[in-house]
Amino acid sequence: MRKYIILFLISLLVFSAFAQDTNKLDKEITPKAELVLQDRANDGGTGFTLTFKPLNKPEELKTYFLRIYKEVNQEEILIREMKVDNRGQTVKMPMSVQKADTNIIARAYYQKDGEVIEFKEQSLITKGEWVDTARLSAFIAAILFISMIFIYVKKARSGEELFVRRIPGLGEINDAIGRATEMGKPVFYIPGTSTIRDVATLASLNILRSVGKKVAEYTTPMKVLIQRPLVLGVAQEVVQEAYMSAGRPDLYNEDDVYLAAAGQFAFASAAQGAMVREKPGAVFLLGMFWAESLLLAETANSVGAIQIAGTDATSQIPFFIAACDYTLIGEELYAASAYLSREPKLLGTLKAQDYFKGLLLIITILALFLDLVGVEIIVKYILS
Amino acid sequence: MGLLAWTTIGVILTLAIFSFLIKDNPLYKFAEHLFVGVSVGYLLVVTYTQLFIPRVYQPTKNAFNSGDIFMSIWMIVGIIIGIMFLTRLTEKHNWLSRYPISITVGFYSGFAIMPSLYTRVLRQLGATVSEDGVSMINLQKIGLFFKNPSWSTLYEATYGPLIVIGVLTVLIYFFFSFKNTNPVIKYTRKPAMVYMMVGFGAAFGYTFMARISLYVDRMNFIINEWWPLVRVKLF
């Protein structure tokens, strides 16, 4: 009997050893994950999205590693390396490379006994598209708007009367220049502190043409203070042309249109200094402004100048309203050049802009009503 | 000692600029001219190191070295257009500078059309109609307010409609083709002005606080940085 008991215990020991081995096999991890590389639609061929979905339970495998390479001249260059903590969630990463048609290789790794082992690989060649279909509505809107501009410019050129309502601040431009002339003081014009690419700067340079013409007619000295080198060249051209169209090219002095300073606050201090020393009779602050707006407006006020300001920077309009005599709010700045010059091209553009806005207003109201009854067609296909 | 000297110069320049609040004076003039000179010099160095070298010189050199003819021609054309701008310095050929100016203005004007239409017009109007798929005029939220009137339900019910009314009236305000006596313009003018002034008032307060923080920063520099340094080094 004792013999059987001993044999039974030995066999139990042997089986328990086997059982331990079986546990070891169970704990042997097979890393599983979904690794997907997807080319980004509607781009120039540089964007792609990496999607990684861990398929192991977090208690099985806590961390994965990802390495993304790009192939250049048959050589793999690492572009990103990251650790992904397994929380059972899918990770999506939008990424980009510099060139289209780049071969992208993504590899997933896991760690075992301190060694990093690769278990999955995906590759993709990024492709570009000629047409961004997501922005088709904007493209159609642009075509429509440009067509409207052509139609109204043609109408304006044919001599048709195009009505533009009175814009209060603009009526005062002549009075301000007249006042400066009577006082024998110069006129200061600052076309904002932004670059030439800014729409407000372009609008301001258009107004500068009208102001320059009027100033030349009145033979009043005018100083144009500029912060950006490229704007300087354009402003000089505009003022010279304005003096010529007024029949007074002899009055134009290139040095009156000058680069006051390059930095934002350096420009502000230079303009403040110039205002205090030359005491202008009228100051025009038209264009894009940032934090320097109040500094300029307050200084112009302290020297007793009439100030006409205008900007499309919503954060600066309040300062101009508080410190200046007349302020052009937002779009009034764009309308100003057409209002002042009555040029067919600008008037036609302003009219087209108005009717396009009207069309958008109707579409928005229609979209609101349709949205109320659960039809999202306009929001989905036009306004998104 | 070097740190104390530079910090003291910073304090003197700060006070020199502030002295303008009393009146224009030689100290302010000195600080102003120094500031202007430094900014122009800085711009020159930045343009050379961050624009000319990496965007002009290096790509041209690389194009020539790698024998990329297309890129070389492209770079040379760009450089010639850029150099044309310098003809402003001559009286005889300054008309040439109009070409780079017109190219730049034309490019940026054209380039601005699509992003402006897409982000500033269409998407903004889309957000006026619905936000995250929820209609801005939400009858359920309005109904909830009448069922259970409270500040939070009132806010939820009026938030969307107030934005919609604001956008539409302010948009009508900026129509320039109709007379001020036109009934639509006449009756939306005042609400639009109220909306804008409320917005401007909020922006004024917000930006004013930002300006105050700039002043606080300067005072902090003088009181908490410079003065302790003076006390440690000199007393």
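A:Glu237 and B:Arg88 form a salt bridge between the two chains. Their closest N and O atoms lie 3.4 Å apart. This is a predicted model. Chain A and chain B share 4 salt bridges by count. Together the two chains bury about 5700 Å².

**Interface of chain B and chain A**

- On the chain B side, 57 residues are in contact with chain A. On the chain A side, 68 residues take part.
- Carbon and sulfur atoms carry 71% of the area buried between chain B and chain A.
- Polar contacts join 16 residue pairs across this interface, counting pairs with both residues at pLDDT 80 or more.
- Four elements of chain B give two or more residues each to the side that touches chain A. They are helix H2 (26–66), helix H4 (98–129), helix H6 (151–173) and helix H7 (183–234).
- H4(B) gives the largest share of that side, with 17 residues.
- By residue class, the chain B side divides into 35 nonpolar, 13 polar and 9 charged residues.

**Domains of chain B**

- Chain B is divided into domain 1, residues 1–67, and domain 2, residues 136–235.
- The centres of domain 1 and domain 2 of chain B, taken over C-alpha atoms, are 36 Å apart.
- Domain 1 of chain B puts 10 residues into the contact, and domain 2 of chain B also puts in 10 residues.
- About 890 Å² is buried between domain 1 and domain 2 of chain B. Of this area, 87% is on carbon and sulfur atoms.
- How many salt bridges does the rule find across the interface of domain 1 and domain 2 of chain B? The count is 0.
- Polar contacts between domain 1 and domain 2 of chain B come to 2 residue pairs, with both residues at pLDDT 80 or more.
- The side of domain 1 of chain B that touches domain 2 has 6 nonpolar residues, 4 polar residues and no charged ones.

**Fold and dimensions of chain A**

- Chain A has 11 helices and 13 strands.
- Why is chain A described as more spread out than a compact globule? Its radius of gyration is 35 Å, while the globule rule gives 21 Å for 384 residues, so chain A is well over the rule.
- The C-alpha trace of chain A spans about 130 × 50 × 45 Å along its principal axes.

**Fold and dimensions of chain B**

- Chain B has 7 helices and 2 strands.
- Along the sequence, the elements of chain B run α-α-α-α-β-β-α-α-α.
- The radius of gyration of chain B is 29 Å. For a compact globule of 235 residues, the value would be near 18 Å.
- Along its principal axes, the C-alpha trace of chain B spans about 70 × 70 × 40 Å.

Notes. Residues are numbered from 1 along each chain as its sequence is written. Chains are lettered from A and ligands numbered from 1 in the order in which they are written. This is a predicted model: local features need pLDDT of at least 70, side-chain atom pairs count only at pLDDT 80 or more; totals for chains, interfaces and linings use all residues. Side-chain values use heavy atoms; hydrogens and water are left out. Contact means heavy atoms within 4.5 Å. Buried area is the accessible area (1.4 Å probe) that two parts lose on being put together, summed over both. A salt bridge is a side-chain nitrogen of Lys or Arg within 4 Å of a carboxyl oxygen of Asp or Glu. A polar contact is a pair of N or O atoms within 3.5 Å; within protein, one must be able to donate a hydrogen and the other to accept it, and residues adjacent in sequence count only if both atoms are side-chain atoms. Ala, Val, Leu, Ile, Met, Phe, Trp, Tyr, Cys and Pro count as nonpolar, Asp, Glu, Lys and Arg as charged, and the others, Gly among them, as polar. Domain bounds come from an automatic or database domain assignment. The radius of gyration is taken over C-alpha atoms; the globule rule is 2.2 Å times the number of residues to the power 0.38.
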